[in-house]
Amino acid sequence: DDCTQAGLSFIGVSFSVLTPKGNPYSYQLCDQYPMESLIDRDYDYVMSMDEDGWLVGGGYKPFDYSGKMPYIDSSHTELLRIGSIDPTYGGTSIEQVYTAVASITFPPFSIFPEFVKGGGGHHSDSGDDEVPSCDVTLIVSVVETYEDGSSYSSYEVFLDNLFDAMDAFGGGPCMDDHDTDPHVSMARGVKFKSSYHQQQYFYKVNLEVAVWQAMYPKGVVIGSTSSAAFPPDRASYNRKKVGFGNLYFFYDRANITKAFLPNRDLSSTESYYASFYTNGGYSNIASTVTKIPFDYSGSGSGDNDQYYEHNPYAWNAQMAKHDMTDGWDLPPNCGMEGETFFGIPLSRSSDSKLTSSSTFQNQFDFDPLCDRNFTYMMKFGTNHGWLVGEQIGNGAGSIVDKDTAHIPIFYTGTTNEAMGGMSLSNLIKVAKSLDFGVLYIKPAFVFQDDDGSIKLQFEADANSA
């Protein structure tokens, strides 16, 4: 059998946290690692990122200055990529995954933080006038423990049992045939203000990881004393204590649909470390850690990379149209990025109960332009699928976004006045002051641009407003 639809569903560990500056609907599933300490939410070092921004540290609240979509915290490490959940295309159904995992047992696994690294540049790392971009990733490892005198670690036994169970219950060829190297994707397409800012950022966050290593010299079981319910659209119903050592099925990175519980409670030692941070142990340890005891050089973290510095005066207006999967260079006196823009909304009401969308037009139905059956395409390059509204239960496991169809007209950037932006209230005043008539538009053709995005080109009637 062949896999004809790449997918994003997986089994993994969640590092999600609920923070005051993040999305209020984020889960608190990790009491051990304050992931918000690793992100640069205030743009002290970072200039710009892809449209998703920080994937860890609490998510984004609505109307964030950056204009990022208000997603909940989706931080995690994959253990097994299930891929497509549509058996028609070689995938494994959700029911098969649930049944397979329920047929095996596993102990609580401890997770050890290794280091934060950069690297994996996107489309803007070759031009002389452009700032290079990179991904930011926290490398972690699953601690190998041995029980009952076994020659194989508990994690190795779990993986063997998991693969056997998936095969027994009809796992499809889209599922990986090996476990995933544990890591937490923190942000993609990151552009720093300069190589100096990049070096300072990676030093700061790796010093924080050094504190975590000192807190948990043999790793720690991830979990929380908070309550939660899954999936996110049912998060307020039948909430139960999260507990410790859970594994989760992620339909997509933003949607946990089921928790799998370990086969035993924590030992006294495991319990001590699992509650160490919430019991106030962090400050005492942090005050003693002044050096980074591990080597994070050679990881693209700015330690020995070429010198660069953003030159805002090389900016031109064409740069406002940028690859949304990458960071972008900013104009003079602009201290942070922003996704805000003036445009024409073309969205229609969505069936999704996770993220609803409004109907702004009834003239165009974009669904016939989508290849939802994967007749022509193989996969998407990001966690997002069709931006004109993704279907609930789509086999690829793309994030179920609301319909965000639009025609951008003018990019205004951040709404943070202190960083060179225009406030949302002032933007509204500007829009209200404009005198314009009826604008007539018509669709011209569908094409794929240099960034790999599929777009519908519109034309405007020259005689209209």
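**Close-up A. N238 in the loop between strand 8 and strand 9.** In this predicted model, N238 sits in the loop that runs between strand 8 and strand 9. Its phi is positive, at about 50°, although N238 is not a glycine. That is worth a second look, because most residues other than glycine have a negative phi. With a relative accessibility of 68%, N238 counts as exposed.

**Close-up B. A cis peptide bond at P231.** Staying with the loop between strand 8 (223-228) and strand 9 (240-244), we come to P231. The peptide bond leading from F230 to P231 is cis, and its omega is near -5°. For context, most peptide bonds are trans.

**Close-up C. F374, a buried residue with positive phi.** F374 belongs to the loop between strand 12 (341-345) and strand 13 (406-411). Here is another residue other than glycine with a positive phi, this time near 55°. Is F374 buried or exposed? At 10% relative accessibility F374 counts as buried, whereas N238 counts as exposed.

**Close-up D. The disulfide between C3 and C174.** The model has one disulfide, and C3 and C174 are the partners, with their sulfur atoms 2.0 Å apart. The torsion about their S-S bond is about 100°, so the disulfide is right-handed. What does the pair tie together? C3 lies in the segment before strand 1 (9-14), while C174 lies in the loop between helix 2 (154-168) and strand 6 (183-192), so the bond links parts that are 171 residues apart in sequence. The two partners can also be described by their accessibility: C3 is partly exposed, with a relative accessible area of 25%, and C174 counts as buried at 10%.

**Close-up E. Two further cysteines, C30 and C334.** C30 has a relative accessibility of 2% and therefore counts as buried. For C334, the closest cysteine sulfur belongs to C134.

Close-up F. Which residues form the negative surface patch shown here? E144, E156, D160, D164 and D167 make it up. One of them, D164, makes a handy landmark: D164 is part of helix 2 and, at 52% relative accessibility, counts as exposed.

Definitions and conventions:
Residues are numbered from 1 along each chain as its sequence is written. This is a predicted model: local features need pLDDT of at least 70, side-chain atom pairs count only at pLDDT 80 or more; totals for chains, interfaces and linings use all residues. Side-chain values use heavy atoms; hydrogens and water are left out. A disulfide is a pair of cysteine sulfur atoms within 2.5 Å. Helices (H or I, at least four residues) and strands (E, at least two) are DSSP runs, numbered from the N terminus. Buried means under 20% relative accessible area, exposed over 50%, partly exposed in between (1.4 Å probe, protein chains only). Patches are made of residues with over 30% relative accessible area and no salt bridge: like charges are joined within 9 Å, nonpolar side chains (Val, Leu, Ile, Met, Phe, Trp, Tyr) within 5 Å. Accessible areas come from the Shrake-Rupley method with a 1.4 Å probe; for residues, only the protein chains shown count as cover. A salt bridge is a side-chain nitrogen of Lys or Arg within 4 Å of a carboxyl oxygen of Asp or Glu. Lys and Arg count as positive and Asp and Glu as negative; His and the chain ends are not counted. The place of a charge is taken as NZ of Lys, CZ of Arg, CG of Asp or CD of Glu.
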